Amino acid sequence: QVQLQEAGPGLVKPSQTLSLTCTVSYGSITTNYYYWSWIRQPPGKGLEWIGYINYSGSTYYSPSLKSRTSIARDTSKNQFTLQLSSVTPEDTAVYYCARGLGSSWYLGYDYWGQGTQVTVSS
């Protein structure tokens with residue numbers, strides 16, 4: 001089965017950039033037709049979709065986060081990354097990477113990372 005693992009700093013200062021890496025094992029991020037996605041869950045809130053990079057390298061971001069978000073990939077390492085700039089305490093959440101089944105969030109995700117807590121605080 002495919003495995004995903006998030007990694008990155010658990011504490012980020014306000015105004016800085018949140019950077020996370022998702023390492024994919026037992027599956028290729030270039031395989032048709034998957035959408036490698038970032039999703040977050042603030043404390044006490046529901047899941048919020050952030051964006052994806054798909055099998056061909058195309059990206060798409062949530063309109064509410066687009067101006068601050070960049071997703072990229074390194075196919076040689078089978079990794080994809082998230083950068084979220086100008087963070088505030090409202091960006092505190094558990095961040096997940098997941099494999100999406102299509103270009104719309106409601107098509108679902110078949111594999112998830114375990115999630116990593118990121119706290120924005122000075």
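**Ground rules**

I am working with a predicted model, where local features need pLDDT of at least 70, side-chain atom pairs count only at pLDDT 80 or more, and totals for chains, interfaces and linings use all residues. I number residues from 1 along each chain as its sequence is written, and side-chain values use heavy atoms, with hydrogens and water left out.

**Entry: aromatic rings**

Rings of Phe, Tyr and Trp (its six-membered ring) pair if their centres lie within 6.5 Å; planes under 30 degrees apart are stacked, over 60 edge-to-face, and the rest tilted. With this rule I get a count of twelve aromatic pairs. The pair of Trp 49 and Tyr 52 is tilted, because the ring centres are 6.0 Å apart and the planes stand at 50°. Trp 49 and Tyr 52 are both buried. Tyr 109 pairs with Trp 112 edge-to-face, at 5.5 Å centre to centre and 65° between the planes. Trp 112 is partly exposed, at 35% relative accessibility. I also noted a cluster in which ring pairs link Tyr 33, Tyr 35, Trp 49, Tyr 52, Tyr 55 and Tyr 60.

**Entry: salt bridges**

How many salt bridges does a search of the whole structure find? I found four, taking a salt bridge as a side-chain nitrogen of Lys or Arg within 4 Å of a carboxyl oxygen of Asp or Glu.

I looked at Glu 48 and Arg 40, whose closest N and O atoms are 2.8 Å apart. Glu 48 is partly exposed at 24%, whereas Arg 40 is buried at 5%.

Asp 91 and Arg 68 also form a salt bridge, 3.0 Å from N to O. Asp 91 sits in the loop between strand S8 (79-84) and strand S9 (93-100), and Arg 68 in the loop between strand S6 (59-61) and strand S7 (69-74), so this pair ties together parts that are 23 residues apart in sequence. Strands here are DSSP runs (E, at least two residues), numbered from the N terminus. Asp 91 is buried at 2%, and Arg 68 is partly exposed at 21%.

For Asp 110 and Arg 99 the closest N and O atoms are 2.6 Å apart. Asp 110 is in strand S10 (residues 109-112) and Arg 99 in strand S9, so the bridge ties parts eleven residues apart in sequence. Asp 110 is partly exposed at 33%, while Arg 99 is buried at 9%. I then saw that salt bridges with shared partners join Arg 40, Glu 48, Arg 68 and Asp 91 into one network.

Arg 99 has another entry in my notes: its charged end sits over the ring of Tyr 34, 3.6 Å from the ring centre. The rule asks for NZ of Lys or CZ of Arg within 6 Å of the ring centre and within 35 degrees of the ring normal.

**Entry: Tyr 95**

Where is Tyr 95 found? I located Tyr 95 in strand S9, and with 0% relative accessibility it is buried. The C-alpha atoms of Tyr 95 and Leu 20 are separated by 8.7 Å, although the two residues are 75 apart along the chain. Beyond four places in sequence, Tyr 95 touches residues including Glu 6, Arg 40, Leu 82 and Val 118; contact means heavy atoms within 4.5 Å. A polar atom of the Tyr 95 side chain lies 2.7 Å from the backbone oxygen of Asp 91.

**Entry: the nonpolar core**

I counted as a core any set of buried Ala, Val, Leu, Ile, Met, Phe, Trp, Tyr and Cys residues joined through side-chain atoms within 4.5 Å. The largest nonpolar core has 24 residues, and Tyr 95 is one of those with the most contacts inside it, as are Leu 4 and Trp 38. Strand S3 (18-25) and S8 are among the elements giving two or more residues to this core. S3 supplies the largest share, four residues. Another core, of five residues, lies apart from it and includes Tyr 35, Ile 39, Trp 49 and Tyr 52.

Notes
Buried means under 20% relative accessible area, exposed over 50%, partly exposed in between (1.4 Å probe, protein chains only). A polar contact is a pair of N or O atoms within 3.5 Å; within protein, one must be able to donate a hydrogen and the other to accept it, and residues adjacent in sequence count only if both atoms are side-chain atoms.
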